[in-house]
Amino acid sequence: MKYLEINIETSAAGIEPVVSALLNLGITDTVVEDPRDIEDLMDKKQTYDWDYLDDSIIEKMKESPKVTVYLEDTEENRTLAEQIAPAMEELRSKAREGIFGEGADFGSLRVSKKQEDDTQWKDKWKEYFKPARIAENIVVKPTWESYERQGDEKVIEIDPGMAFGTGTHETTSLCVKMLEKYQKESDKVLDVGCGSGILSIAAALLGAEDVLGVDIDPVAVEVAAENIELNGVANVAKAQYGDLTKGIDYKADIVVANLMADLVMMLSEDVARHMQPGGLFISSGILVEKEVQVTEHLRSQGFGIVEVREDGGWCCIVCRK
């Protein structure tokens, strides 16, 4: 689908007047990018707000606020789009006249417009997802790529969609390596925050007796269920909507959770309730800077640390209850 993207550069004080001017044109759907939101995030008012910020996010703090409008590329909307620049010029004039108060600064109010076609980018990411070995004997491949199995390799075929990872991230690979190392064929495995289902599938292919993937995102559960079926392990594994803290009645020999440090700590008590005596908890999504904090918390919950493995700035912690 072709659409128009109109960007209006403004200031923090100008966001509300710009949105109001757009409403007067009949434009009700806008997207606001305000660097102050990132500053609030950096303040980390809640310990669970974030675990890692990409450099590109930090760079956005230097940018001016922006209001963006997306319109389907129709003749009617092209006419509407042409009215935006004059509306911003009128707003600029009113600010100069002092209608909004003395010294009101709404920024440049510069308007830029471009035509986009989502068919050009919506599948672009697929070009970079190739078959990859993520553990000693496990390869992950996208559904649209061919791959010839080597020896007794186990191949996970996955279609993550645009909302889920491809399974090649260090944290996923670390979890799969630990499953490969510690899982026994008679084990029951609980995959917390299953996402695309890749860890559930890996556990099933490694010979688990039973696997349950749970997620609080219904879309994730749907995608995971599709991938489980695609890999022919639906007789062993299933995905279920659910919150580990309530409503899940399942005892596992291994609990695996590729989340983030704060969630791993927050859920550790509930994880323990879903483990068989002597069971293992494999957790990742943890930056190496958080390793000590997480291991100390796990010890305080009665876990004994079995192994910590690092890769690319991330770590995976294996512990036993």
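## Helix α10 and its neighbours

The buried residues of α10 pack against α9 (261-273), β12 (275-287), β13 (304-311) and β14 (314-320). Contact here means heavy atoms within 4.5 Å. Helices (H or I, at least four residues) and strands (E, at least two) are DSSP runs, numbered from the N terminus.

Helix α10 spans residues 291-300, and Glu291, Val294, Thr295 and Leu298 are buried in it. Down the axis of α10, these buried residues fall within an arc of 95°, so they line one face of the helix. The arc is taken from the directions from the helix axis to the C-beta atoms. Val292 and Ser300 are exposed on the other side of α10. Buried means under 20% relative accessible area, exposed over 50%, and partly exposed in between (1.4 Å probe, protein chains only). Just after α10, Gly302 has a positive phi of about 90°.

## The model as a whole

This is a predicted model: local features need pLDDT of at least 70, side-chain atom pairs count only at pLDDT 80 or more, and totals for chains, interfaces and linings use all residues. Residues are numbered from 1 along each chain as its sequence is written, and side-chain values use heavy atoms, with hydrogens and water left out.

The protein has ten helices and 14 strands. Buried residues make up 45% of its 321 residues. Take the contacts between residues at least 6 apart in sequence: 67% of them join residues at least 24 apart.

## A loop glycine

Gly312 sits in the loop between β13 and β14. Gly312 counts as exposed, at 54% relative accessibility. Its C-alpha atom is 9.0 Å from that of Thr171, 141 residues apart along the chain.

## Annotated residues

An unreviewed UniProt entry lists Thr172, Gly193, Asp215 and Asn258 for "binding site". UniProt positions follow the numbering used here, feature names are shortened, and annotations may be inferred rather than shown by experiment.

Thr172 lies in helix α6 (residues 170-182). Thr172 is buried, with a relative accessible area of 9%. Leaving out residues up to four places away in sequence, Thr172 touches Gly167, Ile198, Leu199 and Asn258.

Asp215 belongs to strand β9 (residues 210-215). Asp215 is also buried, with a relative accessible area of 12%. Beyond four places away in sequence, the residues that Asp215 touches include Gly193, Cys194 and Tyr241. The side chain of Asp215 reaches the backbone nitrogen of Cys194 at 3.2 Å.

Notes:
A polar contact is a pair of N or O atoms within 3.5 Å; within protein, one must be able to donate a hydrogen and the other to accept it, and residues adjacent in sequence count only if both atoms are side-chain atoms.
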